[in-house]
Structure formats: structure tokens, C-alpha cells
Amino acid sequence: MAEGSNRGEDPVSSTRKTMDESPNSTIIEFLNNCNDYQLLQLTKLYRDRLEQAIEEGVEGLSLMLTGEDHFNGREHQKVIELVEKGNLVDSSKLLLNLVIEKGSQAHRTTWESCVKMRHRLPKLDKILKEIQELGFHLFHQLNTTQDKSKIPNHLKDVQQRHKETLRVQTETLRVNTILLKERVKIFQLVHRYAELTVISTVRDRTLVEHELLVRGRDHEEWRKKHLRRELEKIRTDQLFQSVFLWRNKLFKEVQRMFQQVNSGRSAVVSGVPGIGKTTMVQKIVYDWATGKIYPHCQFVFSFKFRDLNTINCRINLRNLILDQYPYFGNILRELWKNPEGLLFIFDGLDEFKDSIDFADNRRNTEPQFMCTDPECWCEVSDIVYSLIQHKLLPGCSVLVTSRPTALHLLEKAEINVWAEILGFVGDERQEYFSKFFEDQAVAAAVFKHVEENEILYTMCYNPSYCLIVGLSLGPFFSQRDRKQQQVPRTITQLYSYYIYNILKNHARDIESPRDVLLKLGEMAFTGVSEKKIVFRNEDLIKFNLQPSQFLSGFLMELLERDDSVQSVVYTFPHLTIQEFVAALAQFLTKEPGDTGKLLSEAHNKEDGRFAIFLHFVAGLSSPQSARPLEEFLGPFIHQTTCKVIDWVMEKVKAQIPDTSSEIRKRKLLNTLHCLFETQNKLLIQSTVESVDSIKFNGLRLTPIDCVVLFNVIRFCDTIKHFDLRDCYIQCEGLQRLGPGLHKCQELRLGRNKLGDSGLKILSAALRKPDCKIQKLELDESGFTVSCVKDLADALGVNRSLTDLNLGYNQLGDSGIKLLSSALRNPDCKIQKLDLGDVGLTNSCGQALASVLSTNCSMTYLNLRKNELGDSAVQHLSVALSNPLCKLQELWLDNNRLTDASAEHLASALSKNSTLTILNLSNNQLRNSGVKLLSTALGNPNCKIQELGLDDVGVSDSCVEDLASTLTANGSLTVLSLRLNSFTDHSVPSLCCLIQSCRGLEEIWLLENQITSAGQNRLKSLRGSRPGLRILLDDFN
């Protein structure tokens, strides 16, 4: 072992012992114990992850290295230039390149600087925690790991043949091109493959089976904000790298993994349908076959669960491989001797017909479920289980791909790395269309239409949707006889033209396309019902479809035939196409059943399997979607169209009044999507015009959801309550709602990360002459001083707003000073203003006081959790003494106030007769301050009804004054004295206060130092008059 890991006490034990006490001192101690070579190893090992982790802190790190004379001014300037251009990726790469070129002290300073910055860089903090957990075991593993990639001479020939076989199998991509003369076009994989963003975690293992519109711009915004700060990108060639394998393991597991040389490596890559999982697997296999990745793997064996479904008997791993790769013959026994050189890939766990229960202990104890020998005959599921759990060929690597919904099957499995494919972002969409269309003018026109249409743009994060969009929209921009005003704008219209183009290009291939589509749709509907996406010949025969029909181009475009395995299987090009065909069948049947019942049953399925199907059914009731298809299929059943419209209307009206649970909100949202898809203005207007309350608070909404909600509110007369609090709509979603926001009287938008741009949108709504907004909640919205001027200008002309909540936004003193000018306007109608925790200090006291002195409308002001201090309260007290001030509630808790503030307020309270609620909790008023307040409370002019004095540092010595003065107060109803230092000595005075202050209804005395005996004495007064509540530590 290298020097540095044998110094005194075992460094790992020492690291673990102090880890929880002081994380920074522990990691610094670890770094100090590392020698120069180990630091270089550490930097190289974590380099890729460090590049991502320090992106947000490159400037500060470069400054630290320059300050320690490791970087010269010119080097520092090069780094800063890249930062200023917004090129953080290249700036972090440059910085680490420079560090690696420098001496050992530069490495040490870099790591020590990282420790200082960890609190604000989550990904960096994660790396340092891992290093703390691993300690010097990390170097032990690096120094003892042998190169397993060297292959014995007698296996080189079969390896070369295997690589050549896989290269030929994977070097091309087959793409359906229904708009071109060639039905299928073949591309070189390396020319067509588009890199997708993959992250080294899985964000949500409970995601619905698929959601056509769940991401798009939402996922793009999410990537910008969180990918850089928290989630780590991972390349496919890094899936089995040590640093990613260690990431998700606890210390004891890592230690055990190091002790077991043959522990093996398992990775899972998740992604929604069509995102590119299978193509990614193809690229991995191709890259291995051409020597680009995974040098530690001597042999790669790739299987599709779809193919494994055709095996209906017991089999062993040997024959499983030989079925696909017969040239291995008897050589496989040689491969078993070195399992560390084997990689097994299993693609599409969600398609596997058998369930693999990793929590089932029988697989470890009962012989019929155990598979520890590659020659052992067992079920396919047992082989897969045993490989993943490292019970079969321990030491081999395993990669599994799956849709999110099947991930729960793997929660108890021995998985080292969880990864997720996010799909296209930003320019990657445009790049796709540029490759898709040979005519770049058409590519540009299609992308422009996609970019301008929120629905289509949202879809195009997914490569499969890009293909459907390209095939559907291409003719509108390449054929002169197509009218561009008819270009699809909803999902249903898009898919309608997708099928239309197939029918148009293959109309001669089939005699009765209506009958065939009806049968195909019935099979598709059964598949949706049973969550089945793979069909066989027997399925086709069951629905009177002959497999021989698939020789025609028409059906080959709708179902993809795969006869590469023992049994022929069929799948729709994408799950959404299956759902569309299933929806289309409802309008083609000659004897429609109870459509309303069918739709209701589908709608009631809580797992979301019918969500997109329902969107399509509703959309096909629209003439814009039906007309192109009717050209080839004949008229749709009018009775079905009417029933669909009636069902949508009835559902919306029944669901919109009750959104008391998340399930009900989700169902209503899905129904509103259906309403949107109809594009039936008369239907929408008659359905929602009388709606006055829409509540989706707490439900995460995407930008397309906001498009759908705008489609509702624009047809409503007036919305009394529009509650989108904590829906994560961000500015992107707010933009979609913007044109209709002015119609809402009460608008709850707090906790939505709207940002400054979002407040500009709201300010525009407030400026509208017909604005009806009266109450506006915008707390925790990510606002800064930059956006306050827009709001102030809007308040200068708005005449409807009376209640404004801006709490928990960093507006600062300068922001409030800008706002105060609008609030002083005599025409301003603001009555309630919440400025809790907005970063105020004593310098804004005068501005706030001027508002209270001139604004006769304001009755409520919340200033809690700021740092106003005594001088600001002095200004506020002067304003409270002004007869023009009409304030009734003032919240000043947690503002660093002392007894000096109590003196100022006491003076104001003796003159003010409007203030009824005053909260001064969590300030150090102490006994002297409360005594001064007590005197003011006894003044006949004082009308205080509720007084908050929690945690103000008072003790027994002030209770007598409080009791004697409050005897004369006839207005006080609530007094809160929690978290102070009252003891049993205060009990007699407190009893006197409770008995003599006849208007008192509640007194809070929790978390003081009163004994049970003293509390019992106070409890005895609870029944002394009706409604009296004395709250003690028994919480009654």
C-alpha cells in the first residue's frame, strides 16, 4: 500500500470515528494524511465528477489558487473569461487541467479550497462525503485492482469473431420514413445517433407508466437549475466506473465490496418510452465491439426481455448464449473462469412477462429457485435474478434498462448505479430535425412551428415524439397543396395526420382500411387495458387480423414486425400510437356500446394507463382531427362523437367543485386536458363559463398543464379563487397563464419559483384596466430587487388589489423603498401587506413609516423575520402615533428588537386607538421592555386585543406589573407568553391576571419553567368562565 495509509491508527477507523463530529476537520485530516501521489490519484479519479461539481464555483476556486500563487494572473484571467461568457463547463475543465499540470501543493490547495466551498456546491459536498466514507480503502482498491481485460491467446479468435458479429448487428439504424419513396431508410449508427443527457440517479421511481406531456420545457428548466448544482451527468462509458459504483453505497457495503474481489457491478438505466434506451444499448454494444469503451470487459452478451419472453421452458445460461451466439460452442467453460471479464445487458425489464421478486428470500434458500451454475437448468427469471444479485458468475457486470414503472422490482436488488435518460434539451431538438429532413428549409420551418407551439415543443424532448412530429408536419411545409393554417396544434391533430399520411401513401395496399383499423384498434385497446405492448401471431388471429396482411406497407407502418427471434412479435412504433389507434377504434365501430361507461371506467383507473387514450378520444370528437381521417376511413359514428362531448362536459362539471385530494386534482386535470383536445369553443364555454373556483394547490404542474388551465380561465366570466400554490409552475408556466390572470379575484401563486421574470408577467396583469385581482399571494417566489420597479409601476395604476403577500423573497431595503412610493399613492388600495423575511434592515424604517403615515387603507402589515432593529421601530412608532394611520395588525416578531423598541411602541400605543393585534415574539425585550408595554396596555386609548410575547426573555419579576395594568384593559382577548422563564413564583400573579382581565379568552404559557403543581393551580381556573383557554404543557 502507498505511503500515507500506515501512519499510526488505521486512517479509515479514525475517519469513521470523527466523521459525524466535524465533517470539515475530518476531511482536512484525511487530506493531510495523503501523500503527494495519493492526492494526484484522488484528483484523477474524481476529475470527471469534479468538473461538474465545481462549475458554479469556478471563479472562487480560481481566486483561491491565484491567492496561493499556484495560478498566475494570466491563467486566472483565462478561467474568468470563460466564466463571464457563461461557458462554465469549459472553465472548470481548464481549471482542473491547470491544477494537474502544477505541483503537489496545487492539488492540496485545490482539495482544501473545495472543502471550504462544499456548503454551497451540493455535488462537491457529495464527493467529499464519499471520500470521508471510503477513507484510505479508496487507495487500497485502486492499488490492488488488476487489469482484467488481458485475454488469453486461445480466446482471442472467438473474441474477434464476436466483436465483428456485434459490430455488423449494431452499426446501422433502420428508420421508418413513410413520407419517402423508400419505406425504410438505413443510416449508419454513428451518423444518426444523437447524444442524450443521462444523469447518475433516478429522480422518481413512482413515475406513471408514461406521460406524453410531463416534461418538455419543464425538464429543460429543471436541468438548467438542478443538473448543474445537484445531479451528476454520466456518460455510458462511465456506468461501471468505480466512483459511480461507490456513490450509492454505505460505508459498510463499500468495505464489504472491497473485501470481495468478485463482488460484481450492476447498473440500471431508466427512461420513459421512446426516450432511446434500446438505441443507447445498441450504441454501447457497437462502441465495445469497436474497442471504444469497457476495456475491462472481454465479452459482452446483450439480450432483450422481449425475446426472452418467447422461452417457455427451463434453460441454462450456456444455451441462452448459444441460441444467439452459436460460435462459442465449448469455449464458454473458459469464459466462466473469469467472470470479471463478462458484461450481460438486459434491455426492457418492463416488457418481461415474468415477475422477478428480489425481496423473495426463497430464491436464496430453496433449491428450485437457486441458480449458481451457468450449466444449471432453471427459469429465465432465475438466471436474470442470479446474475444481477451476483450469485451466478459473481464478478460479472450487468446492465438493465427499464421504464420507470418497473423500477420498483429492482429496489431490493444489488444495484450499484442508478441512471436516467433525460432526453433532448435546447438546441438538440433543432439538431434532430436538421438530420431528419434533407431539405434544410423544411427542417427550419418545422422546427419554427414546433418552437412556437407549446404542446409540440414539450413533446420533442423525446426522440420518438420528434420522429412522429417530423413525419406528421413535414408534408405541410414541403407540399404546395397543403394549407399552412391547417398545421396540427394539438396532440390529437398531430397523430391524426400521422395516420393520414400512412393512409395516403398506402391506400392501394388494402381494400378496407376502416375494418382493418377497427380490428387493430380493438387489439390496441386491449393492450392498453392490460398494459401490454408486445403482440404475437395469436393476438392478431384473436382479433381477426391475419399475419400475412403484414406484408403490405399499410400495416407495416402501424405495427413493427420483429422476426429476429424464435417467435414473431409485433409492437406499435410507440405506445402513444397504440393509444391513438385504440381511441380511433371507438369512432369506427358499427355498434357503439356504452361509450360514457367505457370512458368513466378508463378515467377511474388510478395508475394513469388510460390518460393519453382519453385525450385522444376527446380530441377525435373535433372535426379538425376527424376530417383528414374520414377522407380514407369514411364518416365517424356521430352517436359516439356526441357521447364523448357529453361525457367530457359532465365530468368537468362534476369534478371541478371538489379538489380536496391529490387524486381528485389529478383526475380533474386529465379531464381538462380532454376538454382542451376537443378544441370546441362552444363546448368549453358552456362547460366552464360559470366556474368561479379552480384549485390545484400542491399538485406539480407542467407548462402544458398551464396552457390547458388558460384554456379554461379565458372562457370563465370571473374566477373568485385560483389556487396554484406550490405547483412548481415557474415563469414558464406563468407565461402560459398570463393572458387570463387579470380575471381572477384571489390568486394564490406562492412557492412556485416564478423569479423576477414571473413578477413582470404579473405586473402586466395588474396594469390591465379591467384587472379584477384583489388578493395576490406571491411568497417564496424567488423575487429580487430587480423586479420591484415593475410591480411598483403596476400598483401605481391598479385599483383592485387590496391584499399582497411578498413574504420570503429577497427584496431588501432598496426593493421596499421602491415599493413604498407606490404604496404612498392616495389611489393605492392595498389594505394588507406581507413583507415577512424579505431581507429588511433599519435603513428602510423611514420608508415604511411614511407608508403608514400616508396610506389610510392599510390595516395589516407583516414584517416578521427581518432585521429591522430599534431605530426602524422608532420610525414605525412615530407613524403609529399619527391619526392618519389606520393599521390594525402589526407583526414584528423575530426582528432583533430590544427594550428600546418596547419604549418607542409603548409611547405609540398610548395614543393609537386602531391597532388590535401586535406580535413582538422572539425579540429580546426582557423584563424592562415588557414593563413599559404593560403601562401602555393599561391606557384607555389602547385597544390591543391580541399580544404575542413568546420568547422575549422575561421572567417572574415582570408578571406583577403585567397583571396589575391588564386589570384595567378591557380589550385584550389573547395573550401569548410561551418560551419565557416564568416559574411557580409567577403563578399567583398569573392567576390574578386571568381572573381580573375579564375579556381574556386565551393565554399561552407553554414551555416555561412552571412545575406540575403550579400548572395544576392554573388549570383549576379553566372552568371559571365560558370559553376560557389556558394552554400549558399538557397542550389542552
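Start with helices α39 and α40, which are roughly parallel to each other (angles under 35 degrees count as roughly parallel). This is a predicted model, in which local features need pLDDT of at least 70 and side-chain atom pairs count only at pLDDT 80 or more, while totals for chains, interfaces and linings use all residues. Residues are numbered from 1 along each chain as its sequence is written, and side-chain values use heavy atoms, with hydrogens and water left out.

Select residues 755-767 for α39 and 788-797 for α40: the angle is about 10° and the axes are 8 Å apart. Axes are lines fitted to C-alpha atoms over the stretch in contact, and angles run from 0 to 180 degrees between N-to-C directions. Helices (H or I, at least four residues) and strands (E, at least two) are DSSP runs, numbered from the N terminus.

Next, show the side chains of L759, K760, S763, L766 and R767 in α39, which meet D790, L791, D793, A794 and V797 in α40 (contact means heavy atoms within 4.5 Å). By class, this contact has five nonpolar, one polar and four charged residues; Ala, Val, Leu, Ile, Met, Phe, Trp, Tyr, Cys and Pro count as nonpolar, Asp, Glu, Lys and Arg as charged, and the others, Gly among them, as polar.

Move to the open sheet, ordered β9-β11-β10 with antiparallel pairing (strands pair if DSSP finds at least two bridges between them). β9 (535-536) and β10 (560-562) stand at the edges, each with a single partner strand. Select β11 (residues 569-571), which pairs with β9 over two bridges; Y570 in β11 is the bridge partner of F535.

Note on methods:
Parallel < 35°, antiparallel > 145°, perpendicular 65-115°, else oblique.
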